[in-house]
Amino acid sequence: MLSRRTLLKLSSAAALSSSLSALAEDLAAPDLRLDIAAVTLALSPRHKLRTTAYNGQAPGPLLRLREGQPVTIEVANHTDHAEVVHWHGLFLPPAVDGALEEGTPAIAPGASARYTFTPAPAGLRWYHTHAMAMGDLSRGLYSGQHGLLMIEPRNNPGRYDRELFLALEDWSGYLSASEDGAMNPSYAVSTINGKTLGSGEPLRVKQGERALLHVVNTSPTDVHWIALAGHELQVIALDGNPVPSPRRVPMLRIAPAERVCAIVEMNNPGIWILGEVRKHLQAAGLGIVVEYADQHGAPRWLQPTDLVWNYEQFATAPVQEPPPSGATIVVPLVIESKFRGHGAMESWLINGRSYPDTTAEPLREGLRYRLQFINKSHDDHPLHLHRHSFELRSLGRSLDGSGSASAPYIAGIIKDVVLVDAHTQAEVEFIADHPGATLFHCHQQSHMDMGFMLLFHYA
Amino acid sequence: MRERLAALLRSAPALLALALLPQLASAQGNYEIQVYGSETLPAHSLMVELHSNFTIEGQDNTVDGVYPTTHQLHETLELTTGLNGWSEVGFYVFTSEQNGHGVQWVGDHLRPRIRIPESWGWPVGVSLSMELGYQRPEYSPDTWTWEIRPIIDKSVGRWYFAVNPALERTLHGPDVNQGFAFAPSAKISYDFTPVISGGIEYYADYGPLSDFSPVHDQQQQVFAVADLNVSPLWEINFGVGIGATASTDHLIVKCILGRRFDWGRHSPVD
């Protein structure tokens, strides 16, 4: 039988052991480190920009993590305002997902935080600030706080010779009157990997190579259309998830926060431009030179005459019958805007309410949900669900009679962001298999700031 | 145009008449009654505006050969085209219709304008308009005039503010030696709905910069106005104005109807 003294000794030893263990964990070096600090970026010889970025660069460092292998990332905030880092597209607990609304702690000015998690799922993800900007067009996603994150699969099935990582960016935002009668952000400069067209190093390739492009649109608000002159792009993954029907396309449409992975056969030697299809945006800098080995001359651009893209082409064959809905819980989400004057941005409503007053029925673990996006507004919205992936089910059903009143059901495209066109309805389905607070929002920074968010809770 | 109104008032014979007959003090003008905003038209577009202004109560008599303004209907055609993202040029054709005179051509003006690009991120919109033109002596003793019009505006939520502290100079006519006159205008309006805005517009002519005219001889007009924002392609503004001094037309109604036309290629990649 233990004496009281022995018990006390054992208790003390156990407490000491626990404390030492915690201390050792604290003292252990993190696997990776990000420093958030002010930096002056040279977007071009003519454009210098003071902003906030990770590790003094924008995009931040490319992070390569191994699927299923735990990692600790230390983030130090050297700015004078609270920050938080969101690991976009990962299945993470709310405490480290990187959204204050879900309960991830803010990193106070001058403080550090550690994000420890097990990366999943595999594929192209990204990381970025999830702080609000609230009309300050130098904060939040308007700043340089973004970077690419590659979760390496345990087995990589891809066949390629070279990977090229590209971040599409818009800078120097300002509010201007738009044709919908409200103020919206516009941008003075656009870049790929922090440089305007012709200002940075070219992408160097060799004839006969298969280059795998990993493209992320980090823009705070704007969709981009990208083409590589003289080449087609074979889309193999959307938002980091392989598509069931890879297709060769002339250009990519990438909404804010979306990712596209595409194989390019380097079979047309020359000096080419990979850039925005729309002329004014390429003129604003959104492009990069692709240079074949032993080729010389001015970069060439072949101007497309139209914008061509749809998600459906990458799905499995169209599903003729609507999928069974008995076991699927439908969640209608009606999206509308509220006029606040021609000199202000609109506020945003989901089912008639703006965040933090938005509400939804609690999710029940293991059930399948169909989110029904009913976009009654004049804007297209890149809608993002945290901590889960969803499957696209239908897109583009017209709400105002201007287009098709029906839309085929599709299957097989797994994403975490979907662009829902103005005055249309779209549907996605997901399984509630990651309990915890889950944020849903439009990925346009200005829309998030103006109430376009909804927090799902699990029952 | 308001500068012609001011020019007439600055002319010596007219001033003499005004001194003797205050009821004649109202002079002619009011061809384009508008407070400018800082925006310029985009390239490859044309704005066609018709300014219709009717003087219900103004000057009743002919003064120094200049026709009375009461019951004059002024129709002004304004054609403006954008040159690039920060400049435009406008052209005006002024006409007047009145019993006994029929429809008369009054004159023409040319108005180039430049603006500070929005991408510069200035806290207010700023542009600068220069207006040069001719008007017949039957409608203004000062036939050639030049106007420099700075334009400053700002939208804040539902409120809109604009100030045009314009300077006007006579190049040919009785007031050629008077130098620049100060003719400011301003607007404040409120967006009641996305479509309907209402507000107040103020127009004045204080006389020569070097020596402001007595209040009696100054131009002071206030309009209650409404703007209908039915489409980015349309501009609709109407209002009722009263003159606060003896030198101002006392009651005017105005209407601006504008339609924008775009041309050139309209491919989505453009």
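How do strand 18 and strand 19 of chain A pair, and over how many bridges? I looked this up first: strand 18 (residues 271–276) and strand 19 (residues 287–292) of chain A are antiparallel, with 5 bridges between them. Two strands count as paired if DSSP finds at least two bridges between them, and strands are DSSP runs of E, at least two residues long, numbered from the N terminus. Within this pair, A:Ile273 faces A:Val289 of strand 19.

A note on the model: it is predicted, local features need pLDDT of at least 70, side-chain atom pairs count only at pLDDT 80 or more, and totals for chains, interfaces and linings use all residues. Residues are numbered from 1 along each chain as its sequence is written, while chains are lettered from A and ligands numbered from 1 in the order in which they are written.

Next I traced the sheet around that pair. I found an open sheet of 5 strands in chain A, ordered 11-19-18-13-16, with mixed pairing. Strand 11 (203–205) and strand 16 (252–254) of chain A each have a single partner strand, so one side of each has no neighbour in the sheet.

Then I turned to another open sheet of chain A, with 6 strands in the order 10-9-12-17-14-15 and mixed pairing. Its edges are strand 10 (183–192) and strand 15 (241–249) of chain A. Inside it, strand 14 (residues 233–238) and strand 17 (residues 259–265) of chain A run antiparallel, joined by 4 bridges. I noted A:Cys261 in strand 17 as the bridge partner of A:Ala237.

Last, I checked the chains against each other: 17 residues of chain B contact 20 residues of chain A (C-beta atoms, placed from the backbone, within 7 Å). Strand 6 (144–156) and strand 7 (159–172) of chain B each supply at least two residues of the side touching chain A.

Conventions. Two residues are in contact if their C-beta atoms, placed from the backbone, lie within 7 Å.
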